[in-house]
Amino acid sequence: MINLNVNGQSVDIDASPETPLLWALRDELQLTGTRFGCGAGMCGACTVHIDGEARFACQTRIGDVGEGRITTIEGLHPEGDHAVQRAWIAEQVPQCGYCQSGQIMRAAALLARTPNPSRQEILDEMSANLCRCGTYPRIIRAIERAAQEG
Amino acid sequence: MTLQDITTSRRGFLRGSGALSFALLSGGGLGVVADGAEAQAVADGRVTAWVTITADDRMTIMFGAAEMGQGVNTSLPMIIAEELDADWSTVSVRQVDSDPDGVYGNPGFGGNLFAAGSSSLEGYYSALRQAGAQARQILVQTAAAHWGVPPREVTTREGAVIHDGSGRTMRYGEVAALPEPVTTVSQIAEDDLKPRAEWRIMGTDVERLDSPGKTVGAPLYSIDVTVPGMFYAVQLLAPVEGETPTIISDAATRAVPGVEDVVVMDHAVAVLARSFWSAVTGRDALEVSWSSDSAFRNADSAGELSILAEAADDMAADPVIWEARGDAEGALAEGEEVITAHYLTEHVYHAQMEPLNAVASVDEDGLGAEVWLGSQSQTVSIGIAAGTLGTSPDRIRYHAMQMGGGFGRRTVFARDLLRDALLLSKAVGRPVKLVWTREDDVKNGWLRPATVQRLDARLDENGTLAALRHRIAAPSIFEFAFPDRWNPETRRDVLVMEGSESAEYDIPDFAAQHVLVPRQSRVSAWRGIGWAPNCFARECFLDELAERAGSDPVTFRRQLLSGTPRALAVFDAAVEMSDFGNAPEGRAHGLAFAGYKATLATGVAEVSIEDGQLRVHRFWAAVDPGIVIHPQQYRAQVEGGVLFGLSSVLRERTTFTGGEIDQSNFYDYEPIRIQDVPEIEVRLVESGHPPSGGGEIGVPMAAPAIANAVRVLTGTTPRQLPFPQFDA
């Protein structure tokens, strides 16, 4: 049994310590907002926060998380009203939506660390996350809006 | 148009249940569906009704086309809501899961529920306007009868009926709750539909109804579905098409905690477990030997490209004449100087972000099932499910799920997953969620086939394009994907050849030809379908011809487009908005005209090459969608299409050796990332032509515009997709 702190709650997971956090979240805790895209840390669809930093859940073994505070898209804001989420709706970013949880989590971590990022800082940070629909231009605009409107 | 009285085929009256539903009947008319039981049935999705209005003034509008990101869940209901004069703030929408009565299918797609080829707005527009207008008439007439006034004195405004003479108004919800609705309504004449000047919903940027859910990680996709008692399944798939497992050692797999079963299939060995990760761990422990006699063991992408090149040049081949105007063969054989060029497009993979998956729960008798699937066609998927179980479609309870990207991959081309999930569920007597890993998805991709395109042209003494032959060597997608609909006599493949017609160009002697070669991989449609590779070849060639003619890309094309005002308008718009030809120092502009069916567009790319690195800085797209329903989301589709096309320019390439795809995941098949993205400006140039789709149109214009800009910089057109490396 592995104990994790997920979205402010202590939960016990009955799985091997080798299990990727992604699958513990999705299959054991039914937190399916964290998406499976590649399982290789190449697409960022599974991005969550551990102690506020963006991490690939597919590359994080639950046995290695320890006391780390895990935040998923479901826990980013209780009403889904985080500045990044508001900006995402204002800029009408999502198309298919599948990558957007990961995009939003990475953007939120960026803004927590760098409240007014330059365009280049946005590109550098967000280059970890793929979007096949091509919402990139709107992702950039939404992050700039969230930084302004905070 | 003759007025045709339609009498409701269902309940003839309401009993004060407070719910009013409007069913567009298969004959094209509208009926009222009412009473408590039927209202509940509507909520359950079993009654074919486009609109339901309840006493609390909420309105539910159904949409038929499956949602994969293109926004039909908002744009299609907007059409009904407009004619219904609805209050958009009261509207919610619901995806149609199935269509047993033939009511919801796309009239422009054979009456099927099938979202592909940018066909939804185009196909549904007239039918949905009619449905909305008729529903409005029922509300008007019901209110008029209630008030005892002539219906012509009753008007509507934003979800309310109004009688100006007496100052009375009712919300639609109040009308729906009246005890005696009018149930007979006439077909609305075209001239009585809402004039454009009075539109309040269509043509505006209402918020997409699915945006909130998509920003909080709502469980929308089939991969998120959990069914009680469900097993997770993964497959060790045959490395080469046509091979079967021969020797299987699964003892170590069965010893993995959580693994429940191992099922041998004709093309795979499946591991079923209590969790996905247990299933994957169990799969890693499998030892399987495979048969080795499949002809696809000899498949090789490099070899296929050579065969395509030979086929394109084989004038003794027997091509399909896809399109012919005048006499291109004669004109090119007259001994005048013929200009020839070859273009190559390599195999590409869809890379939709949600890996393919399917959830199925087969009934105890094995002759029915509940299915959750992200598919571009409910009609096709229900047919596949019924066929797999040897049952009738009414035994399939189908849930059409939001797709995590489609791009062509999730049409008939995703049938294997659905079939296998059903077979596995039947085998183990449990609901099964079958998920492909990214590696499975890449290695078992159904690729856009490679093409080699040979173009031959002759210019007349004025330097005008007099004759063009566009000859495309490629395997048939249609023959592979739809074998029962393939006509071996005519061999016409719309998925390969569409977009080669040069329909807007006035070329006296023209021919488009398809030289078929046997496929060496699984092949399918990819966003942009045939238009993307075919426009790439033609638009690059036109720039090369313009130079030979001593002309320039703008003048040369304007002359050819002079008979098509819509095309000229969009072309001129792109030239103007980009200030074409006046790129900043070190950069160059290239342009391409591209159609996609009724949608016309022109794209301009601003490009530089520094230290061997190609960079697209800006992209301008002028697009004529006829009439635009949702401008902001239309622009989003064009932006996405341009980026899809840019990605195919920069590095997308699938190769295979010995029948096995060489790539595995996003580290060796990498679509573009955010730092590759140019500034994109989209201008919608509405001609008033009936609305046409926007999902594909960005793709065909992107690659040739970029290639033509590269030609300005380097003097050489990169005649292949993806582009070759540039010297540092």
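Biologist: How many residue pairs are in polar contact between chain B and chain A?

Modeller: The model is a predicted one, and the pairs counted here have both residues at pLDDT 80 or more. On the side of chain B that touches chain A, 30 residues are nonpolar, 19 are polar and 13 are charged. Between the two chains, the residue pairs in polar contact number 29.

Biologist: What area is buried between chain B and chain A?

Modeller: The size of an interface is often given as the accessible area lost when the parts come together. Here 62 residues of chain B are in contact with 46 residues of chain A, and carbon and sulfur atoms give 59% of the buried area. T215(B), M353(B) and I674(B) supply 19% of the area that chain B buries against chain A, more than any other three residues. The area buried between the two chains is about 4300 Å².

Biologist: Which residue of chain B meets R26(A) in a salt bridge?

Modeller: Between chain B and chain A there are 4 salt bridges. In one of them the side chain of R26(A) is the nitrogen partner, at 2.9 Å from N to O, and the side chain across from R26(A) belongs to D224(B).

Biologist: Is N444(B) buried or exposed?

Modeller: N444(B) is found in the loop between α12 and β22 (451-459) of chain B, and a polar atom of the N444(B) side chain lies 2.9 Å from the backbone oxygen of D440(B). Leaving aside neighbours within four places in sequence, N444(B) is in contact with L237(B), A238(B), R409(B), W436(B) and R522(B). Because its relative accessibility is 7%, and the cut-off is under 20%, N444(B) counts as buried.

Biologist: Which strand pairs with β21(B) in the antiparallel sense?

Modeller: In strand β21 (residues 432-435) of chain B both faces are covered, with V432(B) and L434(B) buried on one side and K433(B) and V435(B) buried on the other. Strand β11 (residues 231-237) of chain B pairs with β21(B) in the parallel sense over 3 bridges, and F231(B) has V432(B) as its bridge partner. N357(B) stands opposite V435(B), and the strand that pairs with β21(B) in the antiparallel sense, over 4 bridges, is β18 (residues 357-362) of chain B.

Notes: Residues numbered from 1 in each chain as written. Chains lettered and ligands numbered in written order. Predicted model: local features only at pLDDT ≥ 70, side-chain atom pairs only at ≥ 80, totals over all residues. Heavy atoms only, no water. Contact = heavy atoms within 4.5 Å. Buried area = accessible area lost by both parts, 1.4 Å probe. Polar contact = N/O pair within 3.5 Å; in protein donor to acceptor, adjacent residues only side chain to side chain. Nonpolar A, V, L, I, M, F, W, Y, C, P; charged D, E, K, R; others polar. Helix = DSSP H or I, 4+ residues; strand = E, 2+ residues; numbered from the N terminus. Buried < 20%, exposed > 50% of the residue type's maximum accessible area, 1.4 Å probe, protein only. Pairing = 2+ DSSP bridges.
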